[in-house]
Amino acid sequence: GDSPGVVTFNHDMHVDSAKPTCVGCHPANFSILGRSGKAKPAKITHAAMEKGGACGSCHGKGAFNFDDCTMCHKM
């Protein structure tokens, strides 16, 4: 309800950037099965990211932070 828009994730951009290996994100931060997995993934929230979860393991630290909503959210 309070979301400024859908979050668009570009896998290729992330593979070519700071963490070029699969194990940088999988399976610790994101299921390797993604949408094909049987369990529904946990909802990603800003509160969780600010504590270093999900996208927050890089964003808000080394990668760009959460100041510009349009970096992730597409209206």
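Is cysteine 22 buried or exposed? Cysteine 22 comes out exposed, with a relative accessible area of 54%, where exposed means over 50%, buried under 20% and partly exposed in between (1.4 Å probe, protein chains only).

The model here is predicted, so local features need pLDDT of at least 70 and side-chain atom pairs count only at pLDDT 80 or more, while totals for chains, interfaces and linings use all residues. Residues are numbered from 1 along each chain as its sequence is written, and side-chain values use heavy atoms, with hydrogens and water left out. pLDDT itself is the predictor's confidence in each residue, from 0 to 100. Its mean for the protein is 78, and 81% of the residues reach 70 or more. Confidence is lowest in α1, at a mean of 82, and highest in α2, at 87.

On to the overall layout. The protein has 2 helices and 2 strands, running β-α-α-β from the N terminus on; helices (H or I, at least four residues) and strands (E, at least two) are DSSP runs, numbered from the N terminus. Of the 75 residues, 11% are buried. Among contacts with a separation of 6 or more, 57% link residues 24 or more positions apart, a contact being heavy atoms within 4.5 Å.

Next, the cysteines. A disulfide is a covalent bond between the sulfur atoms of two cysteines. With the cut-off set at a pair of cysteine sulfur atoms within 2.5 Å, a search of the whole structure turns up 0 of them. For cysteine 22, the closest cysteine sulfur belongs to cysteine 25 and sits 9.0 Å away, which is too far for a bond. Cysteine 72 has its closest cysteine sulfur in cysteine 55, at 6.5 Å, again too far for a bond. Cysteine 72 counts as partly exposed because its relative accessibility is 26%.

Two histidines are worth a look. Histidine 73 lies in strand β2 (residues 73–74) and counts as buried because its relative accessibility is 12%. A polar atom of its side chain lies 2.7 Å from the backbone oxygen of glycine 5. That falls under polar contacts, pairs of N or O atoms within 3.5 Å; within protein, one must be able to donate a hydrogen and the other to accept it, and residues adjacent in sequence count only if both atoms are side-chain atoms. Leaving aside neighbours within four places in sequence, histidine 73 is in contact with Ser3, Pro4, Gly5, Val6, Val7 and His46.

Histidine 26 sits in the loop between α1 (11–15) and α2 (46–50) and is buried, with a relative accessible area of 18%. The backbone oxygen of phenylalanine 30 is 3.1 Å from a polar atom of the histidine 26 side chain. Residues up to four places away in sequence aside, histidine 26 touches His11, Ser31 and Ile32.

Finally, the backbone. Most residues other than glycine have a negative phi, and most peptide bonds are trans. Histidine 26 and proline 27, however, are joined by a cis peptide bond, with omega about -5°; proline 27 is in the loop between α1 and α2. Alanine 54 has a positive phi, near 50°. Alanine 54 is placed in the loop between α2 and β2 and is buried, with a relative accessible area of 17%.
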